[in-house]
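Here is a short tour of one protein model. Keep the sequence and the 3D view open while you read.

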Amino acid sequence: MRPADLRIRYWRIVLFFAQVTLAFIWWEIVLRRLGLRRLTERTRTERARRTAVRFRALAVSMGGLMIKVGQFLSARLDVLPPEVTQELAGLQDEVPAEDVAAIRAVAAAELNRPVDERFAWFEDTPLAAASLGQVHRARLRQVQADELGFQDVVVKVQRPHIQQVIEVDLAALRRVGGWMERYRPIRQRADVRALVEEFATTTLQEVDYVAEAGNAETFAANFADDPRVGVPAVVWELSSRRVLTLQDVSAIKLADTAAITSAGIDRGEVAQVLAQAFLQQIFTDAFFHADPHPGNLFVTPRQGAAPGAPDWTLTFIDFGMVGHVPGELRDGLREILVSVGLRDAGRFVGGLTRLDLLLPGADLSLVESAAEQVFQRFGGLRMDELQQIPPEDLVRFGLQFRELLRELPFQVPENLLLLGRSMGILSGICTGLDPEFDAWGTITPYASRLLEEERQGLPRTVADEALTLGRLALVLPGRADRVLTQAERGELVVRIPTLTAQVARVERSVVRLTSVLVFAALLLAGAVLHSSDPGFGQILMGASLLPLAWSVVGGRRRGR
């Protein structure tokens, strides 16, 4: 690919996000500060839909990582309005295909022979075109088929120049991430640069098909005893870093809910199996599929299943993006899951703290109180029941915890990027499969099992706690002495985060009010003088933009 084409690609991505950013600032910050909040809220959905239309056109024309961003957003049925998800849904299957001659050339270079000599048959029309590669149906030669026990395969081949495209797209995303870090509410809650780098690492792993084949076999081994979950077999002799040959497991796509129903399969049961499979991946295997969008999941009917055996299988494909759950992260997630299953607000806040999901200085008692109210009011409700909650209940909850909702003391650690992405997609898929999906009915039994395991490990836990207390007893006298010494010297400082935040908000409000008054005075003076002295009047009206801009920014430097 020519350097000029790569530069054009870079600037197309940057300029698109620049326009989206400027539109966000204008609608959600400037106009809201000027008292037009109702206008911004009334037009928000349509504006989001138009942005989705533009993004889809950009992603389809460019491919690369833009497709992956759109695929993630299209699966967020639980967060984004249907106008947006429906607009982006086509990105699951409508990625433009690469020229087959280029695909054959890449495969021949990797396999050291033309594809017609490696396979008994190779279909030129692609089965699927993905953002980083392309999939073609093929058939093994009879000798290999007899040895492996299957003949139909799919061959996944990387797009030409995809490495260069990835590097350019990541450079553009890094630049956009730098802009996002300038917005304080985002900067407080996420290390955007770290998130982009985490995304870069996983994307570069996706273009190593040898690693993907190993991931598929690890996943298959983890679910070897579960007949409800299937994984395609790898044909190692016809695989390399840029070519991957797998058993053909094509069946009903998970997004085709009508076909699932027509096959006599209970969609609610499929949603349950999918959720349970992910709980196992996270809390038992510590190894999870990090790209579970509907295009990577099939429901495979099983003809002539034995009595008592499932008559369908949930089949996972595409293991290029996987995640690992380290021990400390898994412990924190277990704490969250058990607390949700038991509806224990105190334990829930402890899990949030353990995962570093709360900002420093967050009012833990307020977060715990809000969690307690959520468990009491909304716990146990299915998705369709949640959608029928009276608006006045939500308003009442918002008024009760308006301080918490205003501050939103939450952040996104980079080690939760992949897992959060997967769980977000999973939530949308389960809701799409079954609007009555009962997440509580899935979580509660699993949480009970984890709690039972925790109780069985109690003796070890008691020993660990005793050791921790012993260490604390050794260092406590020294710490106490240092505190008393600081107090005697007048060097002891007590921080009250909530009071500091309230004072800072009052100070910023005064600054903004003063700026708005100066803006109005200059604007009116300029308008009055414009008829007698147009030049001076225009200068005053132009100068009024300075305090206006300051009021929009809100004296943020003072608030930091």
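## A buried glutamine

Q134 is buried, with 0% relative accessibility. Buried means under 20% relative accessible area, exposed means over 50%, and partly exposed lies in between (1.4 Å probe, protein chains only). This is a predicted model: local features need pLDDT of at least 70 and side-chain atom pairs count only at pLDDT 80 or more, while totals for chains, interfaces and linings use all residues. Residues are numbered from 1 along each chain as its sequence is written, and side-chain values use heavy atoms, with hydrogens and water left out.

Q134 sits in strand β3 (residues 133–139). Strands (E, at least two residues) and helices (H or I, at least four) are DSSP runs, numbered from the N terminus. The side chain of Q134 makes a polar contact with the side chain of H136, at 3.1 Å. A polar contact is a pair of N or O atoms within 3.5 Å; within protein, one must be able to donate a hydrogen and the other to accept it, and residues adjacent in sequence count only if both atoms are side-chain atoms. Beyond its neighbours within four places in sequence, Q134 is in contact (heavy atoms within 4.5 Å) with residues including A97, I103, P126 and V155.

## Strands β4 and β6

V155 also has a bridge partner in β6: T245. Strand β4 (residues 152–158) and β6 run antiparallel, joined by five bridges. Two strands pair if DSSP finds at least two bridges between them. Four of the five residues of β6 (residues 243–247) are buried, so the strand is largely enclosed by the rest of the structure.

## Helix α5

Helix α5 (residues 100–111) has 12 residues. From first C-alpha to last, α5 reaches 16 Å, close to the 16 Å expected at 1.5 Å a residue. That expected span is 1.5 Å times one less than the number of residues.

Which residues of α5 are buried? They are I103, V106, A107 and L111. Seen down the axis of α5, the buried residues fall within an arc of 115°, so they line one face of the helix. The arc is that of the directions from the helix axis to the C-beta atoms. Their cover includes α6 (115–118), β3, β4 and β6. Just after α5, N112 takes a positive phi of about 65°.

## An aromatic cluster

F219, F223, F278, F316 and F319 form one aromatic cluster.

Note on methods: Phe/Tyr/Trp six-rings, centres within 6.5 Å; stacked < 30°, edge-to-face > 60°.
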